[in-house]
Amino acid sequence: MSDATPTSSENPGFDAMARDIAEVPAVEVIVTVAVNLMSAAAVKLGLTEEGEEHKDLDEARKLVHALAGLLDASTTEISTFHASPLRDGLKSLQLAFREASLVPDEPGQGPGEKYTGPVYG
C-alpha cells in the first residue's frame, strides 16, 4: 500500500513554493487575501463588465462577510496605510450589496455588519 502524501522528492516545486511563501511578510499575505475577497465579491455583486452574468448575492454575502471578519481580526496587525483603503472597499461592497438586494437587510444585519456596525447609504 502506498502513502498518499507526496514527499518533497516527488514534488520538488513544493519546497520552492514553501521557501517563497516564507519570504513574504504577513501583512502582504493579509492584504493579498483581502484584495482577492474584494475582487470575488465585486464579481458576485455584478459589478464587472459581465454584470448580471455572474451575479449571485448569496455568494457575495459570504465573501463580504469573510472580508469584514478578516479586516476586523487583522486591525491591529496591519497599518492604517493598508487598512484604510481595504475598509473603504469593504464599505463600498456593503453598500453595493444593500442596493442590489430586492429585500434589504435591517441595519446591522447586512454582510459583515456584525464586524463593522451598520452601513448606511
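Reader: Start with Ser101. What does its side chain reach?

Author: The side chain of Ser101 reaches the backbone oxygen of Phe97, at 2.9 Å. That is a polar contact: N or O atoms within 3.5 Å, one able to donate a hydrogen and the other to accept it, with residues adjacent in sequence counted only if both atoms are side-chain atoms. Keep in mind that this is a predicted model: local features need pLDDT of at least 70, side-chain atom pairs count only at pLDDT 80 or more, and totals for chains, interfaces and linings use all residues. Numbering runs from 1 along each chain as its sequence is written, and side-chain values use heavy atoms, with hydrogens and water left out.

Reader: Where does Ser101 lie?

Author: In the loop between helix 4 and helix 5 (113-116). Helices are DSSP runs (H or I, at least four residues), numbered from the N terminus.

Reader: Buried or exposed, that Ser101?

Author: Buried, with a relative accessible area of 13%. Buried means under 20%, exposed over 50%, partly exposed in between, using a 1.4 Å probe and protein chains only.

Reader: New topic. How many cavities of 30 Å³ or more turn up in the whole structure?

Author: The search finds 1. The largest cavity holds about 30 Å³ of space. A cavity is a set of points on a 1 Å grid over the protein atoms alone, where a 1.4 Å probe fits but cannot get out; lining residues have an atom within 4 Å of a point. Points are joined across faces, edges and corners, and the volume is the space filled by probe spheres set on them.

Reader: Which residues line the largest cavity?

Author: Gln94, Phe97, Arg98, Ser101, Pro104, Asp105, Gly110, Pro111 and Glu113. Helix 4 gives the most to this lining, with 3 residues.

Reader: Tell me about Gln94. Where does it lie?

Author: In helix 4, residues 80-100. Gln94 is buried, with a relative accessible area of 3%.

Reader: Which side chain does Gln94 join in a polar contact?

Author: That of Thr116, at 3.2 Å. Leaving aside neighbours within four places in sequence, Gln94 is in contact (heavy atoms within 4.5 Å) with Val64, Pro111, Gly112, Glu113, Thr116 and Val119.

Reader: And what does Leu67 touch?

Author: Ala34, Leu37, Met38, Leu90 and Leu93, not counting residues up to four places away in sequence.

Definitions and conventions. Helices (H or I, at least four residues) and strands (E, at least two) are DSSP runs, numbered from the N terminus. On a 1 Å grid over the protein atoms alone, a cavity is a set of points where a 1.4 Å probe fits but cannot get out, and a pocket is an open set with protein on both sides within 12 Å along at least five of seven lines; lining residues have an atom within 4 Å of a point.
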